[in-house]
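Thanks for asking me to look this one over. My comments follow as numbered points, and I hope they are handy with the coordinates open beside you.

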Amino acid sequence: MEQFIQQLASGLANGAIYACVALALVMIYVSTDHINFAQGEMAMFSTYISWQLMTWGLSFWVAFIAAVAFSFVLGVIIERAILRPLHNAPVLSIIVVFIGLLAICNSMAGAIWSYLIKEFPSPFPKSSFGIAGVIGPHQLGVVVVTLIVLGLLFVFFRYTPLGLAMRAAAQNPQMARLVGVRVDWMLALGWGLAASVGAVAGIMVAHIVYLDPNMMGGILLYAFASALVGGISNPGGAVLGGFIVGVLENMVAFAGNQIEKATGIYIIGNGEKLTVALIIVITVLTVKPAGLFGRVVVKRV
Amino acid sequence: MPAFPKKLLWVLLALAFLVPLLHPLFPDVVSGYRLFLVSTMIIAAIAVLGLNLLTGFNGQISLGHGAFYAVGAYTAAVLMDHLNMPYWATLPCAAVVCFIVGYLFGLPALKLEGHYLALATFALALAVPQILKYKWLEGMTGGVQGIVLNKPEVPFGLPLSEDQWLYYYCLIVMVVLYWAAANMLNSRSGRAMMAIRDQYMAADTMGIDTALYKTVTFGISAAYTGIAGALSASAIAFVAPDSFNIFLSIKFLIGLVVGGVGSLAGSVAGGIFYVLVDNSAQALSLFVRNDLGLPFDLSAYTVFGVLLIALMYLMPMGIVGGVYLAWRKLRGVRG
């Protein structure tokens with residue numbers, strides 16, 4: 001039982017990370033209908049920036065804020081410079097550009113900081129933090145930080161004029177433009193925010209998975225699964241989907257362990273995590289593409 | 001894009017068959033290593049050809065063709081390792097296995113379009129190395145260690161070196177596959193495939209069984225890429241799960257985009273291109289470090305990434321298509 005609760009807690013901590021990346025994906029998807037295949041690599045790059053700042057002597061949280069701000073600027077630049085001119089390009093071109101971004105981020109990080117795996121510090125004090133035997137200090141910290149970030153985003157989108165303008169630009173660009181919202185810049189801001197949220201996820205998860213240029217591959221896949229489970233058109237759903245998928249992932253591995261212990265037959269374990277995500281992605285896409293909380297898209301024929 | 005000029009094709013083909021025979025004359029230029037490199041280019045060209053059949057001619061986007069390449073390679077490796085099958089017999093087996101796998105993956109893909117299909121295949125590409133390491137398959141696949149194989153032996157006592165024979169073997173397979181693809185595209189089925197790409201609804205209304213065509217195209221495309229995988233298994237004489245990662249699929253995409261989406265000749269050019277860049281990465285890196293004085297290693301993927309983005313702006317039809325258009329413009333042909 002204690003093991004079960006531990007697994008549940010660590011599932012929630014992973015889920016918080018997936019929720020952040022999934023939210024970043026959904027923020028871009030809702031406003032532009034693009035799936036950002038480079039989201040994970042952008043987050044990884046920001047994580048390296050924060051690592052670099054820390055090795056130059058900055059404290060964790062200063063480096064954290066600087067890296068998140070850097071990601072924001074990077075996101076805005078990528079949208080304005082690379083994606084804006086391709087706004088009406090065919091789907092394949094857009095996807096190719098995202099894959100290009102993925103390759104550039106990954107190889108540049110490898111070129112600048114090498115492919116060696118690096119340790120990444122945790123900002124949360126070891127003692128007096130976390131609940132003994134249930135959840136570790138870092139995991140609890142991750143959940144708290146991501147909840148704060150998600151809360152801030154909610155407040156921003158719900159209660160500020162800028163947030164309202166961004167939602168308007170995403171939902172109905174023509175009407176938003178007519179009432180004076182600068183839709184172009186709202187999309188760029190959305191990209192910036194998405195990149196920042198991704199960076200938060202990257203910096204938080206780096207202590208767990210260690211820092212290397214390929215660290216976000218699996219996490220991106222899980223984030224895709226989360227966004228799809230929650231409904232790729234619904235930000236709240238994506239966050240919830242993140243937690244659901246995070247817990248599900250650990251529960252599947254836990255169940256696999258228990259079965260192996262009881263019967264001695266290995267079916268599924270930690271080694272099959274990505275396969276589980278693949279199955280979730282394909283199942284949701286084919287059975288219920290709108291996800292749990294998404295809008296069903298009706299197309300006029 | 002119009003078909004490749006036939007005369008040029010024959011000349012290139014004749015050259016491709018004759019060049020290795022020049023080895024005694026220019027041992028340094030036509031070296032064994034160079035022939036091996038060209039063999040890997042041919043293999044890459046076949047893989048890109050497979051992807052092009054699906055994405056370029058049928059309009060289904062796949063970011064996960066590395067998966068079918070892996071299936072082909074492992075099918076060949078397992079058959080050679082466990083059943084002592086001769087290397088040439090593994091090709092049809094790999095083709096059949098990959099056709100079935102591709103056909104089955106094509107079934108859920110029927111419901112997916114554009115971004116979603118890309119997402120599903122991207123997920124497949126990310127998961128492949130793990131699936132290959134699955135414990136129950138370990139007895140067959142050798143787990144993380146992979147399988148070590150023997151290089152193809154020269155048959156009938158032909159006076160060729162191993163590298164030369166490998167080159168001819170790959171070249172013959174590619175010529176056959178290219179010919180088959182060209183004929184298929186030029187037939188009723190090929191036109192149906194392209195009609196589905198261009199106007200799905202109209203094709204459906206005209207009575208084309210779109211579901212059947214899409215799934216079968218997925219299967220054929222996977223079979224092509226799988227054959228390339230099987231060839232690579234015998235060429236490199238080694239398979240291991242981690243070499244079939246997402247970046248393999250990205251390389252195929254590079255070949256597709258550079259050569260030209262929807263161009264058979266372009267696929268070959270694209271395959272040659274990515275192997276070339278991949279292999280000159282070290283020279284490139286040295287050039288950046290020593291001659292430009294920049295303090296980092298430029299990797300092939302930075303070049304690939306920049307190229308992918310730049311091509312989408314400058315030559316959406318790929319380099320072959322772009323050069324062709326420029327040539328027409330120079331000659332003043334309109335339309």
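This is a predicted model: local features need pLDDT of at least 70, side-chain atom pairs count only at pLDDT 80 or more; totals for chains, interfaces and linings use all residues.

1. For α9(A), with its 15 residues, the rule gives 21 Å, and the end C-alpha atoms lie 20 Å apart, so the two figures agree.

2. Staying with α9(A), is this helix enclosed or open? Of its 15 residues, 14 are buried, so the rest of the structure largely encloses α9(A). A residue counts as buried when 20 or more other C-beta atoms lie within 10 Å of its own.

3. Phi of A:Y210 is near 70°, a positive value although the residue is not glycine. A:Y210 has 12 other C-beta atoms within 10 Å, so it is exposed; the cut-off for that class is 12 or fewer.

4. Now to where the chains meet. The contact draws on 36 residues of chain A and 39 residues of chain B. On the chain A side, the elements that give two or more residues are α4 (91–113), α9 (216–230) and α11 (273–287). The largest share of that side, 17 residues, belongs to α4(A). By class, the chain A side has 26 nonpolar residues, nine polar and one charged.

5. Which helix of chain B does α9(A) cross? The partner is helix α5 (residues 114–132) of chain B: the two axes come within 10 Å and cross at roughly 145°. The crossing of α9(A) with α5(B) is left-handed. From α9(A) the contact uses A:G217, A:L221 and A:F224, and from α5(B) it uses B:L119, B:A123 and B:L126. Five of these residues are nonpolar, one is polar and none is charged. When reading such a list, remember that an α-helix has 3.6 residues a turn, so residues three or four places apart point the same way.

6. B:Y301 has 26 C-beta neighbours inside 10 Å, so it counts as buried. Apart from neighbours within four places in sequence, B:Y301 is in contact with A:A103, A:N106 and A:S107 of the other chain, and with B:F247. Along the chain B:Y301 and B:A281 are 20 residues apart, while their C-alpha atoms are separated by 8.9 Å.

7. Within chain B, have a look at helix α2 (residues 32–58) and helix α12 (residues 264–279), which pack at an angle of about 130° with their axes 7 Å apart. That angle makes α2(B) oblique to α12(B), and the crossing of the two is right-handed. Among the α2(B) residues that meet α12(B) are B:L37, B:M41, B:A44, B:V48 and B:N52, and among those they meet in α12(B) are B:L264, B:V268, B:G271, B:V275 and B:N279. Over the whole contact of α2(B) with α12(B), twelve residues are nonpolar, six are polar and none is charged.

8. Next, B:V148, in strand β1 (residues 147–148) of chain B. Is B:V148 buried or exposed? With 12 other C-beta atoms within 10 Å, B:V148 is exposed. Setting aside neighbours within four places in sequence, B:V148 is in contact with B:A237 and B:F238. B:V268 lies 120 residues from B:V148 in sequence and 28 Å from it in space, C-alpha to C-alpha.

9. B:A237 is in the loop between α10 (210–236) and β2 (238–239) of chain B. Phi of B:A237 is near 60°, a positive value in a residue other than glycine. With 16 C-beta neighbours inside 10 Å, B:A237 counts as partly exposed.

10. Lastly, B:T205 is found in helix α9 (residues 200–205) of chain B. B:T205 has 9 C-beta neighbours inside 10 Å, so it counts as exposed. Its C-alpha atom is separated by 41 Å from that of B:Y74, 131 residues apart along the chain.

Notes. Residues are numbered from 1 along each chain as its sequence is written. Chains are lettered from A and ligands numbered from 1 in the order in which they are written. Two residues are in contact if their C-beta atoms, placed from the backbone, lie within 7 Å. Helices (H or I, at least four residues) and strands (E, at least two) are DSSP runs, numbered from the N terminus. Ala, Val, Leu, Ile, Met, Phe, Trp, Tyr, Cys and Pro count as nonpolar, Asp, Glu, Lys and Arg as charged, and the others, Gly among them, as polar. The expected span of a helix is 1.5 Å times one less than its number of residues. Axes are lines fitted to C-alpha atoms, for helices over the stretch in contact, and angles run from 0 to 180 degrees between N-to-C directions. A crossing is left-handed if the near helix is turned anticlockwise from the far one by less than a right angle, and right-handed if clockwise. Angles under 35 degrees count as roughly parallel, over 145 as roughly antiparallel, 65 to 115 as roughly perpendicular and the rest as oblique.
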